[in-house]
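Me: I'd like to learn how to read cavities and interfaces in a model. Could you walk me through one?

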Amino acid sequence: MTTTIQFKNIHKSYRVGGRDIPALSGIDLTINPGEIFGMIGHSGAGKSTLVRLINLLERPTGGELLIDGADITRFDNDALRALRRRIGMIFQHFNLLSSKTVADNVAFPLRLAGKKSRAETDARVAELLARVGLSEHASKYPSQLSGGQKQRVGIARALATEPKILLCDEATSALDPQTTQSVLRLLAEINRELGLTIVLITHEMDVIRTICDRVAVLDGGKVVEHGPVADVFLHPKHITTKRFVQESEHVDENEQDDDFAHVPGRIIRLTFRGEATYEPVLGKVARDCGVDFSILAGRIDRIKDTPYGQLTLALTGGDVDAALARFESEGLTVEALRDA
Amino acid sequence: MLETLLPNVDWIDLWQACHDTFSMLGWSLLFTLVLGLPLGVLLFLTGKRQLLSQPVVYGLLSFVVNVLRSVPFVILLIVMIPLTTLITGTSFGVAGVVPPLVVGATPFFARLVETALREVDRGIIEATQAMGATTRQIVFGALLPEALPGILAAATVTAITLVSYSAMSGLVGGGGLGDLAVRNGYQRFQTDVMIVTVILLLVLVQALQMAGDRLVTHFSRK
C-alpha cells in the first residue's frame, strides 16, 4: 500500500527541427504515499510533461523514475501496462468516450484488464457511480452531462482498477469555481478514504491551498521551490512563487509599498499558524511592551485544514524590539518589511 | 399511355440494368469496405506522431493510395483487364467490373477513414493508453467506436462514388443504369431512356445519402 514516487535527476527534451528543446531539467522530487502533492506552474513550465512521466505517457530523456523503488523507465511493455492499471488519471477535458454510456465508460478500464466477469464488472461500476454520486446517470451519454458530472465520471473511471496513484492533469481548470470546489472535495475524500496518493498539476493557487499537503513550484522546466503548502505559500522565496501568492490574494506588493509610504513606524508582517491564529497575542504584546499598532493589511484563512493569519502591521512607540521578540517567542513568524 | 410518352423504354432492359447496378454496387461496396477499413486504420496508425508511427511505411502506403486515386477510372478499367480476368475468370459483365471498382474506390475510402480517425480527440487515445490498453485495444475499443459516425459518412460518400464509377462499366459490357443512359439515351438519342435512367440514378443516390445520414445520426452521441 506504500507507493513512493521518486524523480531522480529527471531530464526531458523534445527534438524540434533537429534541435533538442529542454522541457524539464534536473528534477529531484519525492512524493510520499498517501499525500496530495501539487505541482503549480504557468503554461509551458513543464508541469503537464512532469505528470505524464509518472505513467510514461512521456518518456524521460535522462534520469531515473522510481515507483516503489523500481525504475519504471526500464519496464517492458507488459510491465508498463500493468503499472498503468495501478495508476488512474483524470484530465482537464475529461477525455470520456462519447460513444459509450457513463456506465460503459467506467467499465472500460475493467474490460481492458479483462480480469472480471460481467457481473463483477457491473457491481464494481455501480459501486463507483454511487461513490461519485452519479448512479441515476448510468445510462446517459457524456454529452448529456455537465462539466462537473463529466469529471466525476472521469474520477470513477480512474478508480475502477483500484489504483494506488491518481494523476490529475488540470482536472478543475475547465470547471466553474463552485464545481471546482465540489470536485476537490471529492478528491480529498477519496484520498482520505482510500489512502490514494494524488499528484495534481494546476495553475490555480486556490486548488493547491484547498487540498494539497505539499507543493512544488515549477518554472522553466525546473522545481524552483517545494515543501509543505503552508511553508511555501506563507513564506514564498522564489519570485514565481511570490507572484502566484500575490495573484491569488489580489495584492500588488509595489502598490502596497507606495500606499504605506506615509505611514509612520516600523512595518512588519506577522504570520500565525494553527491554534495561534485564535489566540489574543497581538493585544497582549501591545499592552505589555507599550507599543501601538495599526493593521495595514491582512487575511485570515485556511490552507487545507490549517487555519492561518497574516497581518501587515505598523508599530510605533514603546519597546518595539521587545515586542518583536515576544511575538517570536509566542510562535509567530515576524518579517521586517520596513525599518522606522 | 406509357408507351406514347416513353416509346423507346424497354422495361425488361431497364429491369436488367437496375439489377446490374445493384449487383455492381453491392459487391464492390462490400469489398471496398472490407479492404479499405484496415488500410485506413494502417494509414492512420503509421502516420506522423501516431501510435505506430512509421514514416517509411506511411510514405509508401500514401504513395500507392495517391497513385491509384490519380488514375481516371476509365483507364483503370482497361488497364486492369488482365488482373480482373485472373481474379474473376472474366473481364466481361458485372464480374469484370467489380475488381476495378474495388481498386478504384478502396484508396478513396481508406483516405476518408484516415481522416475520420484523425478527428478523434487525441485526449481519448491518451486516456485509453493511460488505462494500460494495448494498441489493438485502443483501435477496437476506442478509436473505431469514436470514429464510427465519420466512417459511416465516408462509406456513404464511397457508395455514391461507386454508383457514378459504375456508369462507365459499359466499356467492358458491365451493364447497369449508367451504361443504359450512355448507350441508348446518349448514343441513340433516346431522350426518354436518358430521362428515366437518370431519374432512377437520382433516386438511388438520394436513397443512399438518406440511409447514410440516418445511420450517422443514429450512432452520433456528440
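**Cavity and interface**

Reply: Happy to! The largest cavity has a volume of about 130 Å³. Keep in mind that this is a predicted model.

Me: Which residues are closest to the centre of the largest cavity?

Reply: Among its 13 lining residues, those are A:Gly88, A:Met89 and A:Ala158, along with B:Ala130 and B:Met131. By class, the lining has eight nonpolar, two polar and three charged residues.

Me: Which element gives the most to that lining?

Reply: That is strand 6 of chain A, with four residues. Helix 2 and helix 5 (147–159) of chain A, and helix 7 (122–130) of chain B, each supply at least two.

Me: Now the interface. How is its size given, and what is the area buried between chain A and chain B?

Reply: Interface size is often given as the accessible area lost when the parts come together. For chains A and B the buried area is about 1,800 Å², with 57% of it from carbon and sulfur atoms. In contact are 21 residues of chain A and 19 of chain B.

Me: Which side chains meet in a salt bridge there?

Reply: Those of A:Arg52 and B:Glu126, at 2.5 Å from N to O. The count between the two chains is one salt bridge, and nine residue pairs are in polar contact. On chain A, the side touching chain B has 10 nonpolar, five polar and six charged residues.

Methods. Residues are numbered from 1 along each chain as its sequence is written. Chains are lettered from A and ligands numbered from 1 in the order in which they are written. This is a predicted model: local features need pLDDT of at least 70, side-chain atom pairs count only at pLDDT 80 or more; totals for chains, interfaces and linings use all residues. Side-chain values use heavy atoms; hydrogens and water are left out. Contact means heavy atoms within 4.5 Å. Buried area is the accessible area (1.4 Å probe) that two parts lose on being put together, summed over both. A salt bridge is a side-chain nitrogen of Lys or Arg within 4 Å of a carboxyl oxygen of Asp or Glu. A polar contact is a pair of N or O atoms within 3.5 Å; within protein, one must be able to donate a hydrogen and the other to accept it, and residues adjacent in sequence count only if both atoms are side-chain atoms. Ala, Val, Leu, Ile, Met, Phe, Trp, Tyr, Cys and Pro count as nonpolar, Asp, Glu, Lys and Arg as charged, and the others, Gly among them, as polar. On a 1 Å grid over the protein atoms alone, a cavity is a set of points where a 1.4 Å probe fits but cannot get out, and a pocket is an open set with protein on both sides within 12 Å along at least five of seven lines; lining residues have an atom within 4 Å of a point. Grid points are joined across faces, edges and corners, and a volume is the space filled by probe spheres set on the points.
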